[in-house]
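Work through the exercises below with the model open. Each task is followed by a solution in steps.

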Amino acid sequence: DADDWSNSISLYVTIGMAIFAIWFGARKLSLTDRNAGLMLTIATQSFVKLIALCIVGLFVVYSVYDGFVDLFEKSLKAADTRALIEQPFAFWIYISHALLGVCSMFCLPRQFHINFVENRNEDELHQARWLFPLYLIGMSIFVLPIALAGMLLFDSGQASGGQYSSDSFVLAIPIALNNASIALVAFIGGLAASTSMVIVATLALGNMVANSLITPVLFAFNANKIKTKQGDVNTLPEFKLSGRNVLRIRQLTILVMLCIAYAYHLNISQQTTLVQTGTIALSLLSQTFPAIVLGIYWRRANRLGAISGICLGVATVLFGMLYPSVVNDVDSQQIANILFLSMGLNLMSIVLVSMFTRNHAHQSLSNPYASSALSLAYSNIRFADLLRLTNKILPPDTANKFKQQVEFVDLTDTSLAPAIVLSRAE
């Protein structure tokens with residue numbers, strides 16, 4: 001049975017992906033260094049996935065059936081497949097999928113990592129504009145034929161082996177027809193597809209969680225401990241986190257997330273289809289999209305509005321999509337309705353809360369002579385230490401530009417950096 005086979009090796013696949021993600025992405029402290037080996041591996045896996053799907057598609061269309069015409073003729077004669085082909089165009093479902101596609105380019109950690117971190121130059125973007133759509137077309141050619149063939153074979157009893165979900169048709173069809181070679185090709189292609197996606201997502205998420213959540217919490221916790229122990233609120237915290245410990249935090253975060261994903265696979269994802277699981281996950285992450293767009297293009301948008309919008313949108317998706325999918329099932333129309341409802345409530349909350357609350361956004365350094373509370377406030381970081389950090393992390397041209405931008409501030413090496421200078425550095 002294909003499903004039993006998949007479940008039996010899922011633990012080993014999880015361990016392998018954890019080792020790969022840590023080896024390629026969590027051995028170096030810098031997050032701006034590009035991983036040529038990782039990108040070569042992802043590109044190879046993407047090519048293997050495309051070739052494997054095409055091989056299975058050609059096997060289904062020209063070996064199991066006598067071409068596309070024969071397959072569609074037989075599909076029109078069967079009730080279930082005819083209903084699939086002749087069903088009316090679902091406009092709102094299509095629009096919801098298109099919206100999720102747009103949001104994924106900005107909100108998915110793996111998409112962000114590939115688009116912005118691993119991107120080497122602008123020429124790669126120009127090449128991706130025509131190559132990526134062609135790749136998607138190639139991936140889509142045999143999706144409908146394989147789906148129709150699976151419904152015909154298993155519903156009519158032409159292939160034995162029990163009931164299969166549509167998610168596993170690519171692997172289940174050759175297994176049920178006792179074609180071991182094609183089944184092996186399908187398995188390798190599926191493994192390449194899943195590992196390339198999960199490894200990049202885990203790598204990006206691991207870095208984001210470690211840097212933006214765990215590490216700041218550790219600093220805040222230890223700073224409070226020091227202040228409490230010394231009884232002096234003005235004492236600067238002496239807590240330090242070495243580069244090795246930062247890497248250990250990233251690696252541990254990757255392991256924890258993969259363990260959570262494995263537990264979800266065993267206990268929850270079996271209740272729903274892979275398509276629904278992915279759509280729900282995308283819907284949750286897409287709740288950050290309104291805050292991203294309004295934060296860039298609307299000056300009144302503030303943090304409180306963004307937090308309220310994201311919380312309201314996520315709660316709507318949790319109760320309207322995730323919970324029903326766990327206890328029962330949700331159809332595509334319900335998912336589309338909840339997506340538009342959550343995005344609408346999210347957007348409305350950001351606008352209303354931002355309009356009725358004060359915007360505490362940091363003042364820009366573009367006007368060095370403007371005075372504000374921020375320009376008069378000081379941080380707990382010495383100016384010399386801040387310059388050493390920017391010179392180490394930023395490219396030389398960017399570091400020099402930053403230094404020129406803050407030259408109007410009369411500071412010595414031992415002076416504490418003003419908050420406005422720290423904001424520019426961040």
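**Exercise 1.** Which residues is Gln287 in contact with, leaving aside its neighbours within four places in sequence?

This is a predicted model, in which local features need pLDDT of at least 70 and side-chain atom pairs count only at pLDDT 80 or more, while totals for chains, interfaces and linings use all residues. Residues are numbered from 1 along each chain as its sequence is written, and side-chain values use heavy atoms, without hydrogens and water.

Step 1. List the contacts (heavy atoms within 4.5 Å): Ile310, Gly313, Val314, Val317, Ser342, Met343 and Asn346.

Step 2. Classify the residue: Gln287 counts as buried because its relative accessibility is 0%. The classes are buried (under 20% relative accessible area), exposed (over 50%) and partly exposed (in between), with a 1.4 Å probe and protein chains only.

**Exercise 2.** Determine how Cys103 is placed relative to Gln287.

Step 1. Locate Cys103 in helix 5 (residues 91–107).

Step 2. Take the C-alpha separation: 8.8 Å, although Cys103 and Gln287 are 184 residues apart along the chain.

Step 3. Compare the contact lists. Not counting residues up to four places away in sequence, Cys103 touches Leu108, Ser286, Phe289 and Met343; Met343 is also among the contacts of Gln287.

**Exercise 3.** Are Cys103 and Phe106 buried or partly exposed?

Step 1. Cys103 has a relative accessible area of 1%, so Cys103 is buried.

Step 2. Phe106, at 43% relative accessibility, counts as partly exposed.

Methods
Helix = DSSP H or I, 4+ residues; strand = E, 2+ residues; numbered from the N terminus.
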